[in-house]
Amino acid sequence: MTKTSMGSLQEVQRLDERIAHLRKEVVAFDERLAEVEEPALAMESELETVEKRMAQMQADLRRVERAAEDKRVRIEKLEARLNKVQNLREEAAVRTELSLIRKAVETDDQEAYQILDQLQRTEATAEELREKTEVARAEVGPSQQALLDERSGFEEELAELRARRDRTLEAVGDRERKVYEAFHSSGRSVVVSPLLEDGACGNCFGMVPLQVQNEIRSSGELIRCEACGVILSAELEPEEVEVDGEDEGEATA
Ligand SMILES: [Zn+2]
């Protein structure tokens, strides 16, 4: 079936409405995908925080243990010196230092013990979180896949519609096509509209002057509604775009 320029233009417009509708659906899918993943993402981020804290604790623990070790080496040296002191004054000095260092070592040991205790409790929390994260991820998987499958179905339909649009547009005259694309890219959804039987514009329902009506009906030239600017077509609306068996009225946005 060969279509006239105007008829094709109206079909392109219908296809564009359907395309706009499908694109909204795809965006909605992306939002739903993010929602589905949300609990798992939150859990993973919490786990990450806990693991960072544990790494910090381990670093602290190593630092404290090294400090205690250094002090123990110093204690050994001081104890050896005790055997070689020359006088009481020297002995007293060594003993003072020894007692200070022993106290410091005790403090280090206590601190190390506290860190270790905290580390073990945090490790238990992390283990719990790891299990929960795994469960959350496992739950996300199937619904995510279902959404992705559904979404790719929509994308296939979109690609089909776009190809069909390009083919239909080939039957449209150059001038009409340019006007249509300019309108369309500016975000207008209605570019071409029929001239109604009573002589009104099919878009704004303003009356079109009789002389212009006659021109539209006889010439098939590109004539636009003076009131709203749509291209007026004397032809009847083309049949509905049947892509996935949906009926009319649904695709209008
Ligand atoms: Zn109008």
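This is a short chat about a predicted protein model.

Q: What are we looking at, an experiment or a predicted model?
A: A predicted model.

Q: OK. How many helices and strands does the protein have?
A: It has 4 helices and 3 strands.

Q: And in what order do the elements run from the N terminus?
A: The order is α-α-α-β-α-β-β.

Q: What box do the C-alpha atoms fill?
A: Roughly 130 × 35 × 30 Å, taken along the principal axes.

Q: How much of the protein is buried?
A: Buried residues make up 33% of the 253 residues.

Q: Switching to charges. How many positive and negative side chains are there?
A: There are 36 positive and 59 negative side chains.

Q: How far apart are the centres of the two sets?
A: The centres lie 12 Å apart.

Q: Now contacts. Take those with a separation of 6 or more: what share comes from residues 24 or more positions apart?
A: That share is 73%.

Q: Let's get specific. How many aromatic pairs does the structure hold?
A: It holds 1 aromatic pair. The partners are Phe-29 and Phe-154.

Q: How are the two rings arranged?
A: The Phe-29 and Phe-154 rings are tilted, with 50 degrees between the planes. Centre to centre, the distance is 5.3 Å.

Q: Which parts does the pair tie together?
A: Phe-29 lies in helix H1, residues 5-82, and Phe-154 lies in helix H2, residues 88-170. So the pair ties together parts that are 125 residues apart in sequence.

Q: Are Phe-29 and Phe-154 buried or exposed?
A: Phe-29 and Phe-154 are both buried.

Q: Let's stay in helix H2. Where is Thr-133, and what does it touch?
A: Thr-133 sits in helix H2. Leaving aside neighbours within four places in sequence, Thr-133 is in contact with Met-43, Glu-44 and Leu-47.

Q: Is Thr-133 buried or exposed?
A: Thr-133 is buried, at a relative accessible area of 7%. The cut-off for buried is under 20%.

Q: What about Thr-122?
A: Thr-122 is in helix H2 too. Its relative accessible area is 7%, and Thr-122 is buried. Not counting residues up to four places away in sequence, Thr-122 touches Val-50, Arg-53, Met-54 and Met-57.

Q: And Ala-136, where is that found?
A: Ala-136 is found in helix H2. At 8% relative accessibility, Ala-136 counts as buried.

Q: Which residues does Ala-136 touch?
A: Ala-136 touches Ala-40 and Met-43, with residues up to four places away in sequence not counted. Ala-42 is another one to look at: 94 residues separate Ala-136 and Ala-42 along the chain, yet their C-alpha atoms are separated by 9.8 Å.

Q: Over to helix H1. How exposed is Glu-51?
A: Glu-51 is in helix H1. At 35% relative accessibility, Glu-51 counts as partly exposed.

Q: How far apart are Glu-51 and Thr-125?
A: In sequence, 74 residues. In space, 9.9 Å, C-alpha to C-alpha.

Q: New topic. Where is Glu-235?
A: Glu-235 is in the segment after strand S3, which covers 231-233. Its relative accessibility is 29%, and Glu-235 counts as partly exposed.

Q: What does Glu-235 touch?
A: Not counting residues up to four places away in sequence, Glu-235 touches Thr-4, Met-6, Gly-7, Gln-10 and Pro-194.

Q: And how far is Glu-235 from Val-94?
A: Glu-235 and Val-94 are 111 Å apart in space, C-alpha to C-alpha, and 141 residues apart in sequence.

Q: Last one. What is phi of Phe-205?
A: Phi of Phe-205 is near 60 degrees, a positive value in a residue other than glycine.

Q: Where does Phe-205 lie, and is it buried or exposed?
A: Phe-205 lies in the loop between strand S1, 192-194, and helix H4, 210-219. At 56% relative accessibility, Phe-205 counts as exposed.

Methods: Residues are numbered from 1 along each chain as its sequence is written. This is a predicted model: local features need pLDDT of at least 70, side-chain atom pairs count only at pLDDT 80 or more; totals for chains, interfaces and linings use all residues. Side-chain values use heavy atoms; hydrogens and water are left out. Helices (H or I, at least four residues) and strands (E, at least two) are DSSP runs, numbered from the N terminus. Buried means under 20% relative accessible area, exposed over 50%, partly exposed in between (1.4 Å probe, protein chains only). Contact means heavy atoms within 4.5 Å. Lys and Arg count as positive and Asp and Glu as negative; His and the chain ends are not counted. The place of a charge is taken as NZ of Lys, CZ of Arg, CG of Asp or CD of Glu. Rings of Phe, Tyr and Trp (its six-membered ring) pair if their centres lie within 6.5 Å; planes under 30 degrees apart count as stacked, over 60 as edge-to-face and the rest as tilted.
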